[in-house]
Protein chains: 2
Amino acid sequence: MAKAAPVSPLAPKTYPEIPPIEGVRFAVGQAGVRYADRTDVMLALFDPGTQVAGVFTRSKCPSAPVDWCRSRLEGGKARALLVNSGNANAFTGKAGKEAVKASAKLVAAAVGAPEKHVFLASTGVIGEPLDASKFDGVMDRLVTSARPDGWREAASAIMTTDTYPKLSTRVARLGEVEVRIAGIAKGAGMIAPDMATMLSFVFTDAPIAAEVLQTLLSRSVRGSFNSITVDSDTSTSDTLLLFATGAAEKRGAPWIEKASDRALADFRRALDEVLLDLAQQVVKDGEGARKFVEITVDGAENAAAAKRIALSIANSPLVKTAIAGEDANWGRVVMAVGKAGEAADRDKLAIWFGGVRVAHKGQRDPDYDEAQVSEIMKRDEIALRVDLGLGKGSARVWTCDLTKEYVAINGDYRS
Amino acid sequence: MAKAAPVSPLAPKTYPEIPPIEGVRFAVGQAGVRYADRTDVMLALFDPGTQVAGVFTRSKCPSAPVDWCRSRLEGGKARALLVNSGNANAFTGKAGKEAVKASAKLVAAAVGAPEKHVFLASTGVIGEPLDASKFDGVMDRLVTSARPDGWREAASAIMTTDTYPKLSTRVARLGEVEVRIAGIAKGAGMIAPDMATMLSFVFTDAPIAAEVLQTLLSRSVRGSFNSITVDSDTSTSDTLLLFATGAAEKRGAPWIEKASDRALADFRRALDEVLLDLAQQVVKDGEGARKFVEITVDGAENAAAAKRIALSIANSPLVKTAIAGEDANWGRVVMAVGKAGEAADRDKLAIWFGGVRVAHKGQRDPDYDEAQVSEIMKRDEIALRVDLGLGKGSARVWTCDLTKEYVAINGDYRS
């Protein structure tokens, strides 16, 4: 397996204190899915009436738990979420489907809820059968020990080669009442010798119907989890679930059943912030990442074109290695703009690093101060902006640099 | 600049002996475009009547020489080709266009041919103005010293951080006569601190009209230069030109003016072989490459889907680092199939490394011999095959592994 990595230099300096979300309880345990010496299973229990929404990998070869969750979302109700690390239960054929069913059955029995209200996620090696009976030995203790706090333990239990647990929380006003949103994520870590997976679970006490939650979540991921990239690779298992217990209704929060409800404005803002915070934490824990890069594209023909160009830059190995080398290499940025396939006019292009314009109107900006840009490139966080000068389309994405450590983490595990 | 790299371990063991192509003469010189101690300019001269065809980068931000060549192709005639290394004349705005015009004028005057029959290519740093007057000092000597051999010198003069010159030749029957095709290429090398560019120039004495040449070339690149990838990045300067002097007509070769002419069958075969050989040599000199990987996708819905899936595998950093780590990591192959966006059914997928099936029907193949696969992964050249089990679409592409040396070459030049 990969050597234990030190904590990413981009990790947050402190972890947020996350108070309980009424109606949610957590427990973690050691099921020994793959490793003996760590927590590897997390159970979240929800009060009856909890609503759920989700978005998943676009992979055409999704894992068995992704298939399970997708088809269980229709009902919009959740009573439990079981997540394990150590085994992704992906590319496991019939045995994978059976493991999913067995896990759901086990949780449902222990919790006293229908199987269809049980959600599942797995991360870790793929192609290896997941032995669901391992959960059997820990399930009763998980259910009885579940408690409203323990966010950090929950976030740690779902880590693979993440170097730090990822947590975020915000408060929002819903009607006259404060509601709370909190979430955990695991990111672009790798369980050798297999693939990275992004999992995130977000919880709120706001009383919002599943359909509305789904609309909010699908919109909010566009600017957060769907605007980050570490290495352009897409896991078979990416899962983001949003659970709303509705407990704040007792405190006077209005029951929301329309996505157009104006009372949602502040909740939307808070949800966006939690998802963006978690998504950025995932990037900052990108394998081998030493620099966090924000890429803004303005002046594109439209927003979709802007996003494709931004992702083309963010996924370019030549741009990413230049940033690792602390070089404001705008030539490679031009290359990445050009290969995106969207309208671009070389002679209208302008490029900034950290606010300093280095190129405009088809050539190097004669006025830029190399020493100043050189200082900017030494920072941990680098803002790169491109203006295409064509239209009003804008987009922003986040990525990290590409270092030798990335290759070591993903290629050296045999040696 | 990047440290001088040792020759790629994947380099051919010997260089082919390339006899003259009647109607083509070469000269190389030291114009001092960027470095003082190397040949950096190559001039090829063609007898009157030479036909030309070309394909170029799909970048929306092409270099000035690419713009020049594209618009000169219409006439279909060529008398000279000037190529320099050291400066790509890309993203150089108006100055770039003027440098191109000045270069063409200089060559035209020295050769005694119209400017529109002069073709140009540049590779090297981008964003720096190209000083065309540097060619002035060497032009007369280039023209007077041009001779029919000197292939290897020509291939060397256009290198950037290529670790070896790339040459290939084949003989074809056209009617009752033997004709010859020979070509040179430069590949995914990098002139620090800027971007890689692929240039290739192919020459033949076959008497083939420019329109027909264009049809042949456009078709042949699909299975060769458009089926290779080193790092998924597309240069602003990629240029492939095919020149046909027609000299073989004197020896009895038929003049070909229709692409459907049956006499072309063997020429097509030979052209495909030369382009594929050059394209594979480019991959084998991929930055930091230690392994050459052939990826075959069968059983896709159609050929286009097969190619997209094959390129998704070939461009996946996780697949490429696994191969660098000598790991037959079929899980990452599944991931790359899944993210390609084409139809795929996990439960029908089969994957082979070096002819050994490691996965089928949605799971690990229980019968495969790990020791055997482990031996296969130690080889310099690795064949990876995926069968989707859905249709009859097939494609084959070539790539290399992703090593720490790639990151060092592209990110370390500042240190």
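Let me start in chain A, where strand β2 (residues 41–46) is joined to β4 by five bridges, the two strands running antiparallel. Strands here are DSSP runs of E of at least two residues, helices are runs of H or I of at least four, and both are numbered from the N terminus. Two strands count as paired if DSSP finds at least two bridges between them. Within this pairing, A:L43 stands opposite A:L82 of β4(A).

Before going on, the ground rules. This is a predicted model, in which local features need pLDDT of at least 70 and side-chain atom pairs count only at pLDDT 80 or more, while totals for chains, interfaces and linings use all residues. Residues are numbered from 1 along each chain as its sequence is written, chains are lettered from A and ligands numbered from 1 in the order in which they are written, and side-chain values use heavy atoms, with hydrogens and water left out.

Back to β4(A). Its other partner to mention is strand β5 (residues 118–125) of chain A, paired with β4(A) in the parallel sense over eight bridges. There, A:A80 stands opposite A:V118. Between β4(A) and β5(A) the chain passes through helix α2 (residues 93–111) of chain A, and this β-α-β crossover is right-handed. Right-handed means that, with the strands pointing away from the viewer, the path from the first strand over the helix to the second runs clockwise.

How many residues of β4 (residues 80–87) of chain A are buried? Eight of the eight, so the strand is largely enclosed by the rest of the structure. Buried means under 20% relative accessible area, with exposed over 50% and partly exposed in between, using a 1.4 Å probe and protein chains only.

Next, an open sheet in chain A. Seven strands make it up, in the order β9-β16-β11-β15-β12-β13-β14, with mixed pairing. The edge strands are β9 (228–229) and β14 (363–364) of chain A, each pairing on one side only. Strand β13 (residues 356–360) of chain A runs antiparallel to β14(A), joined by two bridges, and A:A359 has A:R364 as its bridge partner in β14(A).

Now the aromatics. Over all chains, a search of the whole structure finds 16 aromatic pairs. Rings of Phe, Tyr and Trp (its six-membered ring) pair if their centres lie within 6.5 Å; planes under 30 degrees apart are stacked, over 60 edge-to-face, and the rest tilted. B:F26 and B:W151 have ring centres 4.7 Å apart and planes at 65 degrees, so that pair is edge-to-face. B:F26 is in strand β1 (residues 24–29) of chain B and B:W151 in helix α4 (residues 151–157) of chain B, 125 residues apart. Both are buried.

B:F46 and B:F243 are stacked, at 4.3 Å centre to centre and 20 degrees between the planes. B:F46 lies in strand β2 (residues 41–46) of chain B and B:F243 in strand β10 (residues 239–244) of chain B, so the pair ties together parts 197 residues apart in sequence. B:F46 counts as buried at 3% relative accessibility, and B:F243 is buried at 0%. In chain A, ring pairs link A:F26, A:F46, A:F119, A:W151, A:F203 and A:F243 into a cluster.

Last, the two chains. A rotation of 180 degrees with 0.0 Å of shift along its axis superposes chain A on chain B, RMSD 0.0 Å, by least squares on the C-alpha atoms of residues with pLDDT of at least 70 in both. That is the relation of a two-fold axis. In chain A, the C-alpha nearest the axis belongs to A:K404, 2.4 Å from it.
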